[in-house]
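Me: I have a structure open and would like to talk it through with you. Could you take my questions as they come?

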Protein chains: 2
Amino acid sequence: MHYSHKDIANLDRITRLKLVNSVSGIKPANLIGTIDSKQTTNLAVFSSVVHLGSNPSLLGFVSRPQTGESGHTLENIKQNGVFTINHIHPEFTKQAHYTSAKFDRSVSEFARCGFSEEYIEGFAAPFVKESRVKVGMQFKEAIPIPLNGTILVIGEIAHLILPDTALEKGDINLEDLNSIGISGLNSYYELKKIAQHPYVRANEVPEFNG
Amino acid sequence: MHYSHKDIANLDRITRLKLVNSVSGIKPANLIGTIDSKQTTNLAVFSSVVHLGSNPSLLGFVSRPQTGESGHTLENIKQNGVFTINHIHPEFTKQAHYTSAKFDRSVSEFARCGFSEEYIEGFAAPFVKESRVKVGMQFKEAIPIPLNGTILVIGEIAHLILPDTALEKGDINLEDLNSIGISGLNSYYELKKIAQHPYVRANEVPEFNG
């Protein structure tokens with residue numbers, strides 16, 4: 001199957017949406033938690049969280065141009081300067097998925113979709129109690145992407161909460177944590193660790209013949 | 001385990017690198033193929049490919065500030081205006097991982113790490129023959145992220161090649177394709193599909209009590 005640029009442009013909207021959302025491969029499954037100036041909390045599923053750097057420790061996510069949940073999330077972040085990133089696990093993919101509904105601003109997806117708010121003293125944004133990896137983020141910058149009106153929202157890690165057992169020789173084992181991935185708009189995948197390779201130096205590269 | 005901002009800053013460099021590279025969750029495993037003006041090809045593993053939009057169909061990836069492979073990739077893209085994104089599969093995670101070694105510019109990671117180049121007429125960048133999902137990208141924009149000197153490299157899909165059997169009701173099944181994910185710097189994960197939820201409308205959200 002070979003789609004050209006023109007073939008893709010000619011697809012109906014839903015088919016193109018599903019296809020193009022899948023081609024980058026597996027995406028991380030996270031819930032982003034925020035709070036507005038009236039203390040109404042917001043929770044929304046995002047599959048676009050991306051690592052930007054470790055020193056300072058920066059993560060970003062893509063905020064879509066349309067109004068709706070993605071809009072509330074960014075509005076709240078701009079109001080309070082903080083947000084949380086919380087891993088999704090198999091037992092609540094359905095609840096997590098339904099946070100993407102366009103609820104009214106006064107409705108908190110925490111209560112509506114069955115999640116519990118958790119707080120750290122001195123940090124305004126709500127964490128998801130049910131998540132096993134929770135990251136508190138300090139908002140740093142919103143970089144517009146003029147090509148399509150999306151916005152890359154960047155924060156620095158202020159708090160990182162994970163089980164004592166999560167670290168294995170300094171790495172987080174996502175299979176043991178039961179963290180999951182998303183493909184396309186609505187498919188959820190469990191993870192099974194198959195390989196771990198050493199840090200690479202050019203003079204230690206094996207011969208790969210054939 | 002609770003790491004504060006200060007705790008993270010005080011970690012030794014390698015521990016911080018491993019930890020912060022893992023907290024966003026699973027990352028897509030792709031090989032990015034390019035070619036320079038002397039027709040030397042380049043191939044490098046990237047875990048930062050992110051979906052930016054479907055109309056136009058835009059994908060981005062993060063280019064690190066240091067020289068080395070990531071630098072060659074972006075240089076080549078600027079020279080020729082095109083690149084390819086190719087899924088990684090379990091049978092070649094090791095070869096793919098070793099493309100991250102800092103080889104000399106004259107060495108092609110295709111030959112050195114055991115991959116075959118594949119071309120489409122009229123499109124300069126090399127695809128990875130061994131990949132089951134191959135995306136030909138037209139370079140659109142490089143957006144600097146001043147916070148840490150990284151660059152968000154954005155392209156539009158020019159070609160999309162995948163098996164006829166990959167599409168399942170319009171979705172790509174990543175388990176059937178045997179596409180994989182990366183965590184941290186060097187851990188590779190297989191995918192197992194566990195759920196697919198419908199597109200969400202607010203008036204169709206189930207009750208989640210408890």
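Me: Where is the place of B:Pro56 in chain B?
Reply: Bear in mind that this is a predicted model. B:Pro56 sits in the loop that runs between β5 (50-54) and β6 (57-63) of chain B, and the peptide bond that joins B:Asn55 to B:Pro56 is cis, with omega at about 5 degrees.

Me: And what is the peptide bond from A:Asn55 to A:Pro56, cis or trans?
Reply: That bond is cis, with omega near 5 degrees, and A:Pro56 lies in the loop between β5 (50-54) and β6 of chain A. As background, most peptide bonds are trans.

Me: OK, backbone angles then. What phi does B:Gln39 have?
Reply: B:Gln39 is not a glycine, yet its phi is positive, at about 70 degrees. Most residues other than glycine have a negative phi. B:Gln39 belongs to the loop between β3 (30-35) and β4 (41-46) of chain B.

Me: Is B:Gln39 buried or exposed?
Reply: B:Gln39 counts as exposed because its relative accessible area is 58%, and the cut-off for exposed is over 50%.

Me: What about B:Asn178, what is its phi and where is its place?
Reply: B:Asn178 also has a positive phi although it is not a glycine, here about 65 degrees, and it is placed in the loop between α6 (174-177) and β14 (180-183) of chain B. With a relative accessible area of 31%, B:Asn178 is partly exposed.

Me: Changing topic to the interface. How many residues of chain A are in contact with chain B?
Reply: On the chain A side 105 residues are in contact, and they meet 106 residues of chain B. The area buried between the two chains is about 9400 Å², with carbon and sulfur atoms giving 62% of that area.

Me: How many salt bridges and polar contacts are there between chain A and chain B?
Reply: There are 2 salt bridges between chain A and chain B, and one of the salt bridges joins the side chains of A:Arg112 and B:Glu207 at 3.7 Å, N to O. Between the chains there are also 49 residue pairs in polar contact, counting pairs with both residues at pLDDT 80 or more.

Me: Which strand gives the largest share of the side of chain A that touches chain B?
Reply: Strand β15 (residues 187-196) of chain A does, with 10 residues. The residues on that side of chain A divide into 54 nonpolar, 31 polar and 20 charged.

Me: I was looking at A:Ser24. Which residues is it in contact with, beyond its sequence neighbours?
Reply: Leaving aside neighbours within four places in sequence, A:Ser24 is in contact with B:Pro28, B:Asn30, B:Val49, B:His51, B:Leu59 and B:His87. A:Ser24 is located in the loop between α2 (13-22) and β2 (27-28) of chain A, and its relative accessible area of 1% makes it buried.

Me: Last topic, the rings. How many aromatic pairs are there over all chains?
Reply: The count is 10 aromatic pairs over all chains. Among them, A:Phe61 and A:Phe83 pair edge-to-face, with 5.6 Å from centre to centre and 70 degrees between the planes. This pair links distant parts of the chain, since A:Phe61 is in strand β6 (residues 57-63) and A:Phe83 in strand β7 (residues 82-87) of chain A, 22 residues apart.

Me: Are A:Phe61 and A:Phe83 buried or exposed?
Reply: A:Phe61 is buried, with 0% relative accessibility, and A:Phe83 is buried with a relative accessible area of 0%. Ring pairs also link A:Phe46, A:Phe61 and A:Phe83 into a cluster.

Methods
Residues numbered from 1 in each chain as written. Chains lettered and ligands numbered in written order. Heavy atoms only, no water. Phe/Tyr/Trp six-rings, centres within 6.5 Å; stacked < 30°, edge-to-face > 60°. Helix = DSSP H or I, 4+ residues; strand = E, 2+ residues; numbered from the N terminus. Buried < 20%, exposed > 50% of the residue type's maximum accessible area, 1.4 Å probe, protein only. Contact = heavy atoms within 4.5 Å. Buried area = accessible area lost by both parts, 1.4 Å probe. Salt bridge = Lys/Arg side-chain N within 4 Å of Asp/Glu carboxyl O. Polar contact = N/O pair within 3.5 Å; in protein donor to acceptor, adjacent residues only side chain to side chain. Nonpolar A, V, L, I, M, F, W, Y, C, P; charged D, E, K, R; others polar.
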